[in-house]
Amino acid sequence: MIRFDNISKRYPSGLEALKRVNFELEAGEMAFLTGPSGAGKSTLLKLLMLMERPSSGTLLINGKNLNRLSRSLIPSYRRQIGVVFQNHQLLSDRSVFENVALPLQISGYPSSETGRRVRAALDGVGLLGKESHNPLTLSGGEQQRVGIARAVVHKPKILLADEPTGNLDPTLSAEIMALFRRFQSVGVTILIATHDINLINSLDHRIMHLEDGILTDDGAHSNGR
Amino acid sequence: MMVRTPMVGSLNKRDTARGASDQKVRLVDRWRSYRAHHRTTFSTTLQKMAREPIQTTLTVVVIAIALALPSAMFLALHNVQQLSSGFESSAQITVFVKKETNSQQVAQLGKQLDDLPEVSAIIFISADQALEEFRALSGFGSALQYLDENPLPAVFLVQPAMSGATDLKQAQQLVKAIDQLAAVEDVQVDMKWIQRLATITEVSKKLVLAMGMALGVGVLLVIGNTIRLAIQNRREEIIVVKLVGATDAYVRRPFLYTGLLLGLFGGVMASILLLGSFFWIGRSVAVLADLYQSQFQLAGPGLAGILALCLLGALIGLVGAWIAVMQNLRAIEPK
């Protein structure tokens, strides 16, 4: 589903964030991306979201070369992936419902189906009762779950998460991870960047390790699917 | 945490039912939601404007004044032209006959004038007729009885065939030709000032047009700046919607609507200002025209003019917003 082929990323500042990274993620696989801050985890996710382009190497998604995707096709690509951001990226000028509905609205779903799907997604993260709230009135864990609902509401094949448990206590983190596992069980390919070692070790999943831009361990042997 | 599975279940069902085409949204739904987005963008733009009444009003007033000013001046010049074209058609050459001319010579002069190709009509006013007219109109009738003889000359009123002011050269030649005729004392023509007025109005029209264009650019900049600020205020939102797959057109839309509506409101307000001052001034002009026994009526902007002004405002608003969006939106990319 996701394949990195000799990918390097060098920023204009001269920083080499990724050095010849190779790995492949099968469809329906769930993997963690670990490593210290500045090791290149965010850069790797940004390449997958097309927020950045690789300096060299080939990035294949579902067999398609992402390097060749023109700027005008980026929106339709992004509609096919779901992203959970560390800082939630929720819009405070609208309700929880409207935040979650955003990807559907952008993709052009009919409003009846939008309502049904949004409520299903909010139900899935246990926030159905808070759909009319403003995101700012919710707790950190709830905001993160709204972000997850928005990332999965359009049923993406790929789910990316950048430090989804970054600011949460262990209990909440475990709940979030349980959510991700549920999505994996229905065939979503999931890549989670995190430095929450305790949490990862408690789970039996593939763990990839980045160190200074180099993928020191692609974790393929510990594939726990 | 309670995590039930209805959503996951439905995801499963859908996946098997629709397979890979699950991501696709039907074209008709897309069209419908495209229109829906236009509708919601339109209404949320209006709501956002209503939420900042002072900012919105200020912008609209600035646009309205910038649109109304050149429109009003153009309209005024148009009226001056209307007025002076009325004079043009009534431009006459007055030919004064020498005092000691006998009636035979006068008849001959009349025939000579009538034979000139540039003359369309002549009217003869004899010295006696002129005296009668003077007595009737001037109010100095009683003073005339102290005069020994009629001081007034006989007069030919000559109507030139061409359209007056625009053919001043021709008129001058005609005047010269008449002047050389025997029995002519003096020739008077009141065309020069008409032509000067016409030229001044032409020049003023061009000046107003230039001023209008400059003010139009000003409106463009005002709207552009407003939109630029709006874009910066909504930076976060733009990044988020881009991250979840919004196209450039989707991101652009609310800002284009803002520009369009600001321009349209500016145009509507300019029309109101224009109509208001038109009726205000029009009443005084009617009184003035009445005093001069003139049929002149102030020409208004008309329905077409009002519509054009509103549309022009909307168009300038849209273009201004488009320029601002083009300059500022590309720079905002999720990082």
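# Reading a predicted two-chain model

User: Where is A:Asp212 found?

Analyst: A:Asp212 lies in the loop between strand E9 (206-211) and strand E10 (214-217) of chain A. Helices (H or I, at least four residues) and strands (E, at least two) are DSSP runs, numbered from the N terminus. This is a predicted model, in which local features need pLDDT of at least 70 and side-chain atom pairs count only at pLDDT 80 or more, while totals for chains, interfaces and linings use all residues. Residues are numbered from 1 along each chain as its sequence is written, and chains are lettered from A and ligands numbered from 1 in the order in which they are written.

User: Why is A:Asp212 called partly exposed?

Analyst: A:Asp212 has 14 other C-beta atoms within 10 Å. A residue is buried if 20 or more other C-beta atoms lie within 10 Å of its own, exposed if 12 or fewer, and partly exposed in between, with C-beta atoms placed from the backbone. A:Asp212 is therefore partly exposed.

User: What makes the phi of A:Asp212 worth a look?

Analyst: A:Asp212 is not a glycine, yet its phi is positive, about 55 degrees. Most residues other than glycine have a negative phi. A:Asn62 also has a positive phi of about 55 degrees without being a glycine. A:Asn62 sits in the loop between E4 and E5 of chain A, and its 14 C-beta neighbours inside 10 Å make it partly exposed.

User: How do you know that E4(A) and E5(A) pair?

Analyst: Two strands pair if DSSP finds at least two bridges between them. Strand E4 (residues 56-61) and E5 of chain A have two bridges, in the antiparallel sense, so they qualify. In E5(A), A:Asn65 is the bridge partner of A:Leu60.

User: Why do strand E2 (16-25) and strand E5 (64-65) of chain A count as edges?

Analyst: The open sheet has four strands in the order E2-E1-E4-E5 (chain A), with antiparallel pairing. E2 and E5 each have a single partner strand, so one side of each has no neighbour in the sheet.

User: What makes H5(A) mostly covered?

Analyst: In H5(A), 10 of the 13 residues are buried, among them A:Gln143, A:Arg145 and A:Ala149. The buried residues pack against strand E6 (81-84), H3, helix H4 (111-124), strand E7 (158-162) and H6 of chain A.

User: What makes a set of residues a nonpolar core, and which residues have the most contacts inside the largest one?

Analyst: A nonpolar core is a set of buried Ala, Val, Leu, Ile, Met, Phe, Trp, Tyr and Cys residues joined through C-beta atoms within 7 Å. The largest has 71 residues, and A:Leu33, A:Val100, A:Ala121 and A:Ala149 have the most contacts inside it. Helix H3 (residues 96-107) of chain A gives the largest share, seven residues. A second, separate core of 33 residues includes B:Phe255 and B:Leu318.

User: How are the domains of chain B divided?

Analyst: The bounds come from an automatic or database domain assignment, which gives domain 1 (33-86 + 196-328) and domain 2 (92-189). Their centres, taken over C-alpha atoms, are 54 Å apart. Chain B holds 11 helices and four strands, and 25% of its 335 residues are buried.

Key
Two residues are in contact if their C-beta atoms, placed from the backbone, lie within 7 Å.
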